[in-house]
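Let's take a friendly walk through this protein, from one of its sheets to its charged pairs. Have the model open as you read.

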Amino acid sequence: MRAILILYFTNFIGWDDNLSTAIYHTFVALCYLTPILGALIADSWLGKFKALSMIGLALIALGTGGIKPCVSAFGGDQFEEGQEKQRNRFFSIFYLAINAGSLLSTIITPILRVQQCGIHSQQACYPLAFGVPAALMALSLIVFVIGSGMYRKFQPQGNIMGKVVKCIGFSIKNRFRHRSKEFPKRAHWLDWAKEKYDERLISQIKMVTRVMFLYIPLPMFWALFDQQGSRWTLQATTMTGKIGIIEIQPDQMQTVNAILIVIMVPIVDAVVYPLIAKCGFNFTSLKKMTVGMFLASMAFVVAAIVQVEIDKTLPVFPQGNEVQIKVLNIGNVNVNVSFPGEMVSIGQMSQTNDFMSFDVNKLTSINISSDGSPVSTVTQDFEKGHRYTLLVWAPSQYQVVKDELIKKPEKGENGIRFVNTFNEMINITMDGKVFENITSHNASKYQFFPSGIKTFTVSSVEISQQCPRAFETSYLEFGSAYTYVIKREENGCPTPEKFEDIPPNTVNMALQIPQYFLLTCGEVVFSVTGLEFSYSQAPSNMKSVLQAGWLLTVAVGNIIVLIVAGVGQFSQQWAEYILFAALLLVVCVIFAIMATFYTYINPAEVEAQFDEDEKKKNAEKNNLYPTLGPVSQTKM
C-alpha cells in the first residue's frame with residue numbers, strides 16, 4: 001500500500017509535497033506504535049498465534065500492530081535450544097520473504113493505479129490499487145489458519161507488562177525511600193524491587209531494559225530509511241524514467257530496494273558473513289548494526305549529490321519581486337516587443353527562446369509594434385512571483401495569460417495547454433480529460449498527463465466535418481510543459497503547433513541506484529540483525545514485547561522526519577539530505593560506543609539456572625520434613 005501512498009496524497013487528494021510527506025510519516029509512525037498494543041495482548045492474554053489471526057488480520061489499521069511484533073517472534077519460537085544458527089537463517093529468510101512481497105507490490109500496485117476507472121468520471125484507479133492488497137491479506141489469513149496445527153505455540157503468562165511496570169515503579173519508589181547514605185547501595189537499580197518481586201522477574205526485566213537502552217539511538221536510522229517512500233520518491237519525480245528501452249514511473253523506483261534486498265540477503269548471509277568470520281573478525285550483532293547505520297548515512301550523502309545535479313537542470317522561476325514573461329506570436333505578421341531596457345523581435349508562429357525576468361516595480365511599460373503599424377501599449381497589472389505569456393497576433397491585438405506553473409509539474413507528469421486561434425470557441429479532449437470552451441485567441445488552463453504519446457481531438461462549429469480532428473502529441477517525457485497552438489490552415493482545417501514552456505527532466509532515475517544500493521546494504525546488516533538480536537536477548541515471556549520495542553524505533557524515526565521537515569523548511573533539498581546524513585553519522589558513533597559496554601547473554605541459560613535453583617529449593621524444603629516409615633512396637 002505504501003508503494004503508491006505518497007502519490008495518492010499528492011495526485012488524488014491534492015495535498016502539496018510537505019503535507020503529503022508529513023501525513024505519510026505520521027501513518028508509518030502509527031503503524032509502528034500500534035505493535036506495543038499488539039505485543040501486550042499477545043504476550044499477556046491471547047498468545048502470538050491468536051493475536052496474529054484474531055487481531056492482526058481483522059482490521060488493517062490496528063492489524064499491523066498485531067502482526068509486526070508477533071510474526072517474527074512467533075517464527076523464532078519454532079526453534080529449540082541449540083538451533084541458533086537455523087534461527088538466524090530463519091530471520092534472513094523471513095526478511096527476504098517480506099521484501100519479495102514488497103517487490104511484487106511496488107511493481108504491481110503502480111500498474112493498477114494508472115488504470116482508468118470510475119462511475120461518474122474516469123480517473124486513476126486507486127480503489128483497485130488498494131483493493132488487491134486487501135484481498136491478498138484476506139487470503140493470507142486463510143493460509144495462516146490452515147497451518148495452525150503445525151505450529152509450536154507457547155501459553156501466554158498473564159499480564160506480564162503489568163508486572164514489569166509495577167516492578168519498575170516499586171523499584172524506583174523503594175530506591176527513593178532509601179536514598180540516605182545509611183542504606184548500602186545495590187548492584188543494579190532494579191535490585192531495589194527484591195523486597196516484593198522474585199529474582200527471576202527482576203532478572204528478566206534487566207535483560208529487557210539493557211536492550212531497550214541500546215535502542216535509544218536507533219530511530220535515526222529509520223528516519224532516513226523510510227524517506228525512500230517520501231522524499232526519494234519526490235526526488236524521482238524531478239528525474240526522467242527512461243532507462244534504455246525501459247520506462248519506469250517515480251513510485252516504481254522503490255522496487256530497487258526490494259530487488260536489492262532479494263539479491264543481497266542471500267549474498268550477505270551465505271558469502272559476506274562467512275568470509276568475515278574466516279578472516280578472524282568477530283562481527284557481532286551490534287557491530288553489524290553500526291555498519292548498517294554508517295552505510296545509510298552515506299546513502300543520503302549520495303542522495304544530496306544527485307539532488308545538486310538535479311538542481312542544475314531545473315529552470316529558473318521568479319523569485320521575490322521578479323516577474324517572468326515570454327512572448328508567443330500566434331499571428332501571421334512579425335512583431336517587435338519592447339520591455340524596459342530590452343526589445344525582442346518575434347517571427348510568425350514563434351516565441352521567445354525563454355522566459356525573461358523583470359523587477360515588477362520597474363516593469364513600467366511594454367510596447368508592441370510592427371512595420372507600418374502604430375505602437376500599442378500593453379496594460380496589465382503583473383503580480384510578483386508569477387510567469388506570464390504575452391499572446392500577440394497583431395500589433396494592436398494581444399492577450400496576457402497568467403501561467404499557473406511556477407515550478408516543475410509534480411509527480412513527473414507533463415503540463416499541456418492549448419491556444420485557440422479560431423474565431424469561435426473550441427473544445428479539446430485529450431486522454432480522457434476535456435479542455436472546455438477555449439475562447440478565441442486565448443489559452444486554456446494546464447492539465448497534466450503521464451509520459452507517452454497522447455491523442456487529442458478538436459471540436460468546434462467553425463471546423464468542417466471533412467477536416468481531420470484527431471491529432472497526436474510528440475512523446476511526452478517527465479516533468480515538461482507545452483503549449484499547443486491550434487492554428488487554422490488555408491483550407492480552414494485545424495493543425496497543432498507545439499511550443500515548449502518547461503523542458504523535460506534530464507537527470508536519469510538510474511542515478512538513484514547507488515543511494516538505494518547503500519541504503520539496502522545498510523538495511524540488510526541493520527534490520528535483519530536487529531530482529532534476530534531482539535529475539536535472542538529477550539526472556540521467553542517478553543519476546544513480542546522486545547520485538548515491539550524494536551518496531552517502536554521505526555515509529556520514533558518517522559516522528560523525527562516530521563519534526564526535522566517541519567522545523568527545518570529548507571530552501572534547498574540537498575541541505576536536508578546532508579543534515580540527516582550528519583545526524584545519523586553522529587548517532588552511529590554514539591551507538592558504537594554504547595555497544596562496546598554491552599554484554600551478550602543467553603536468556604534461556606539464565607532462566608534454566610533459575611529453574612535449577614527452584615528445584616534445589618523445593619528439594620531442600622522436602623528434606624526438612626522427611627517421610628517416616630512404619631515403626632514397630634519393640635522399637636518404640
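## Strands and a sheet

Two strands pair if DSSP finds at least two bridges between them. Helices (H or I, at least four residues) and strands (E, at least two) are DSSP runs, numbered from the N terminus. With that in hand, look at strand β10 (residues 367-370), which pairs with β11 in the antiparallel sense over three bridges. Across from Ile 368 you will find Ser 376 in β11.

These strands belong to an open sheet of four, in the order β7-β6-β10-β11, with antiparallel pairing. Since β7 (342-346) and β11 (373-377) are at the edges with a single partner strand each, one side of each has no neighbour in the sheet.

## The model as a whole

This is a predicted model, in which local features need pLDDT of at least 70 and side-chain atom pairs count only at pLDDT 80 or more, while totals for chains, interfaces and linings use all residues. Residues are numbered from 1 along each chain as its sequence is written, and side-chain values use heavy atoms, with hydrogens and water left out.

The protein has 16 helices and 22 strands. Of its 636 residues, 48% are buried, where buried means under 20% relative accessible area, exposed over 50%, and partly exposed in between (1.4 Å probe, protein chains only).

## Partly exposed residues

Leu 128 sits in helix α6 (residues 126-146) and counts as partly exposed because its relative accessibility is 37%. Ala 582, in helix α15 (residues 573-596), is also partly exposed, at 38%. Ala 582 and Val 301 are 281 residues apart in sequence, yet their C-alpha atoms are 8.8 Å apart in space.

## Salt bridges

The structure holds 15 salt bridges, each a side-chain nitrogen of Lys or Arg within 4 Å of a carboxyl oxygen of Asp or Glu. In one of them, Glu 532 meets Arg 87, with the closest N and O atoms 3.9 Å apart. Glu 532 lies in helix α13 (residues 513-536) and Arg 87 in helix α5 (residues 84-113), so this pair ties together parts that are 445 residues apart in sequence. Both Glu 532 and Arg 87 are buried.

Arg 231 and Glu 576 form another salt bridge (3.2 Å, N to O). This pair links helix α10 (residues 231-236) to helix α15, 345 residues apart, and both Arg 231 and Glu 576 are buried. Finally, which residues does a network of salt bridges link? They are Lys 326, Asp 403, Arg 417 and Asp 501. Within it, Arg 417 and Asp 501 have their closest N and O atoms 3.7 Å apart.
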